[in-house]
Amino acid sequence: MGNTFGRAFRVTTFGESHGAGLGAIIDGCPAQTKIDLAAIAAQMDRRRPGQSHLTTQRQEADEVELLSGVADGVALGTPIGLLIRNADARPKDYATEAILRPSHADYTYRAKYGIAAASGGGRASARETAARVAAGAIAEAVLAPLGVQIVAWVSQVHTIGIEEPLDLLAISRGDVDRHLVRCPAPAAAAAMQAAIEAARKQGDSLGGVITAIARGVPAGWGEPVFEKLDAELARAMMSLPAVKGFEIGSGFAGTRLRGSEHNDEFYFDGKVRTKTNRSGGIQGGISNGECIEMRIAFKPTATIMQPQASITPGGDAATLAPKGRHDPCVLPRAVPIVEAMTALVLVDMMLRQRHQLHA
């Protein structure tokens, strides 16, 4: 239970961080969708470990094997099977039987199942998101002919944020990837990198915020009550490891405005538009045709290179010795993961709207 996401475009992921591999089964990808292996590989490269000194030094190529559902670069309409083999697992470095790791899922998995993966976080590990990125790249292939563009970037690390205004309609993934931190504002990116490097030297970690936008989403996607588009985006982001908060549009800042200040005034410019976008592109749970804008908060990485006081599963006091490999800040590698989850939500809503119109 709980390993499948979506209704019309269903993705089931499988595998553990230190097992033989992980992957996904995609059911509902429209037949004749062009599947570009290079595009999938590009997104996987942006997520994979070991890509720079700012990330975990685990070395994984994260090559995606297509097992089924695709022939000659075209989706057949049948389930697509994806496999990503683990090549650099070190289970002994991540043994979890002896001491409960602070802020990890070691205890809660035992509380739920009565058993947990013997090494690392198992299904709770961020390694599971590799399968989501591969599935998200296929979702983007379905959305591409409609002109939908999804871009995410690091907008805050610890207390360092972007101060200069950004043109949300112009930012590209190329702009984002010009810096190792994946922040399109050069001055902020340099300060963020320095902070991450300092935290790594101290054996510590930092959290932050990723901003994500979706351009070209037509009006009408989303359900009016329990499966609102913004609610599904929130559910998708909150399913990611280390995520602790979600905002869309004005978010919490909107609470400091009056209705007369916050309302988005309509006008007509060949189609219905709004002069401002405090709604974040969604009103009443349904897209309004404006740019969808959201922010996702990530906690500091739970694995740190410092001794930590804890207990054994039996309740005895213990000290967790620092070992293993970790990201001092998950934000740079989380950018394509956020993009993937955005794509999975949007393609699911697009297909559901298409089914409704043709029912």
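# Helix packing and contacts in a predicted model

Reader: At what angle do helix α6 and α8 pack in this predicted model?
Author: The model is a predicted one. Helix α6 covers residues 229-238, and its axis lies 9 Å apart from that of α8. The angle at which the two pack is about 145 degrees.

Reader: Is the crossing of α6 and α8 left-handed or right-handed, and which residues of α8 make the contact?
Author: α6 passes α8 in a right-handed crossing. From α6, the contact is made by L229, E232, L233, A236 and M237. On the side of α8, the residues are V338, M341, T342, V345, L346 and M349.

Reader: Which residues of α3 touch α8, and what is the hand of the crossing?
Author: On α3 the contact is made by T129, R132, V133, A135, G136, A139, E140, V142 and L143. Their partners on α8 include P336, I337, A340 and M341. The crossing of α3 over α8 is left-handed.

Reader: How do α1 and α3 cross, and which residues of α1 take part?
Author: Helix α1 (residues 37-47) comes within 9 Å of α3, axis to axis, and the two cross at roughly 145 degrees. The crossing is right-handed. α3 contributes T129, A130, V133, A134, A137, I138 and E140 to the contact. The residues from α1 are I40, Q43, M44 and R47.

Reader: How many residues apart are E227 and R7, which meet in a salt bridge?
Author: The side chains of E227 and R7 meet at 2.7 Å, N to O. E227 sits in the loop between β10 (208-215) and α6, while R7 sits in the loop between β1 (4-5) and β2 (10-15). The pair links distant parts of the chain, with a separation of 220 residues.

Reader: What separates the C-alpha atoms of E223 and S287?
Author: E223 is in the loop between β10 and α6. Leaving aside residues up to four places away in sequence, E223 touches K228, L229, G284, G285, I286, M349 and R352. E223 and S287 are 64 residues apart along the chain, and their C-alpha atoms are separated by 9.5 Å.

Reader: Which residues form a nonpolar patch on the surface?
Author: One member, F266, lies in strand β12 (residues 266-268). Together the patch has about 350 Å² of accessible area. The residues are F266, F268 and V272.

Technical notes:
Residues numbered from 1 in each chain as written. Predicted model: local features only at pLDDT ≥ 70, side-chain atom pairs only at ≥ 80, totals over all residues. Heavy atoms only, no water. Patch = residues over 30% accessible without salt bridge, like charges linked within 9 Å, V, L, I, M, F, W, Y side chains within 5 Å. Areas by Shrake-Rupley, 256 points an atom, 1.4 Å probe, with all protein chains shown as cover. Salt bridge = Lys/Arg side-chain N within 4 Å of Asp/Glu carboxyl O. Helix = DSSP H or I, 4+ residues; strand = E, 2+ residues; numbered from the N terminus. Left-handed = near helix turned anticlockwise from the far one by under 90°. Contact = heavy atoms within 4.5 Å. Axes fitted to C-alpha atoms, helices over the stretch in contact; angles between N-to-C directions.
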